[in-house]
Amino acid sequence: MIGLLFIYWIWKSFSNLAVEYGKNKWLYFFIGIGSYYGGQMIAGFFGAILFGIVYGFDAVANENYDGSAWSLFFVFCGGLGCYGVYKFLEKKGQKERELIKKEGIESIGVIEEN
């Protein structure tokens, strides 16, 4: 259930970010969802390897690795990954906006007359 709420929040924040910078909001939504699930998968991969090194790889197949605490940990890692991608896209959009505001090469040598 928490995952569904996160998907809504991801959709809302990434759509607002896309509208603010004039981008396709569905593309940003799918980037946000991909970063959320990607963060969970990376955390699961490294968590399983670390758990296997510490307790032995036979313990990973045991039921102790599956529980609500691990699920909350993976949701947290997915949220961190999503937040990192959001901040990256936000900074990228700000840089693009600043580049558009600067005068382009076409305006060199042009004199404005009032």
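**Exercises on helix packing in a predicted model**

**Exercise 1.** Determine how helices H1 and H2 are oriented relative to each other, and describe their contact.

*Solution.* In this predicted model, the axes of helix H1 (residues 2-20) and H2 approach to within 8 Å, crossing at roughly 140 degrees. An angle over 145 degrees would count as roughly antiparallel. H1 is therefore oblique to H2. The handedness of this crossing is right-handed. On the H1 side, the contact includes Phe6, Ile10, Trp11 and Phe14, while Trp26, Tyr28, Phe29 and Tyr36 are among the residues of H2 that meet H1. By class, the contact of H1 with H2 comprises 14 nonpolar residues, three polar and one charged.

**Exercise 2.** Classify the packing of H2 against H4 and state the composition of the contact.

*Solution.* Helix H2 (residues 25-55) packs on helix H4 (residues 68-101) with the axes 7 Å apart and at an angle of about 135 degrees. The two helices are therefore oblique to each other. Their crossing is right-handed. H2 contributes residues including Gly32, Ser35, Gly39 and Gly44, and H4 contributes residues including Phe73, Gly78, Gly79 and Gly81. The contact of H2 with H4 holds 13 nonpolar and eight polar residues, with no charged residue.

**Exercise 3.** Work out the relative orientation of H1 and H4, and identify the residues through which they meet.

*Solution.* The axes of H1 and H4 come within 11 Å, and their crossing angle is roughly 5 degrees. Angles under 35 degrees count as roughly parallel. H1 is therefore roughly parallel to H4. Among the residues of H1 in this contact are Ile2, Phe6, Leu17 and Glu20; those of H4 include Leu72, Val85, Glu90 and Arg97. The contact of H1 with H4 divides into 11 nonpolar residues, one polar and three charged.

Notes. Residues numbered from 1 in each chain as written. Predicted model: local features only at pLDDT ≥ 70, side-chain atom pairs only at ≥ 80, totals over all residues. Heavy atoms only, no water. Axes fitted to C-alpha atoms, helices over the stretch in contact; angles between N-to-C directions. Helix = DSSP H or I, 4+ residues; strand = E, 2+ residues; numbered from the N terminus. Parallel < 35°, antiparallel > 145°, perpendicular 65-115°, else oblique. Left-handed = near helix turned anticlockwise from the far one by under 90°. Contact = heavy atoms within 4.5 Å. Nonpolar A, V, L, I, M, F, W, Y, C, P; charged D, E, K, R; others polar.
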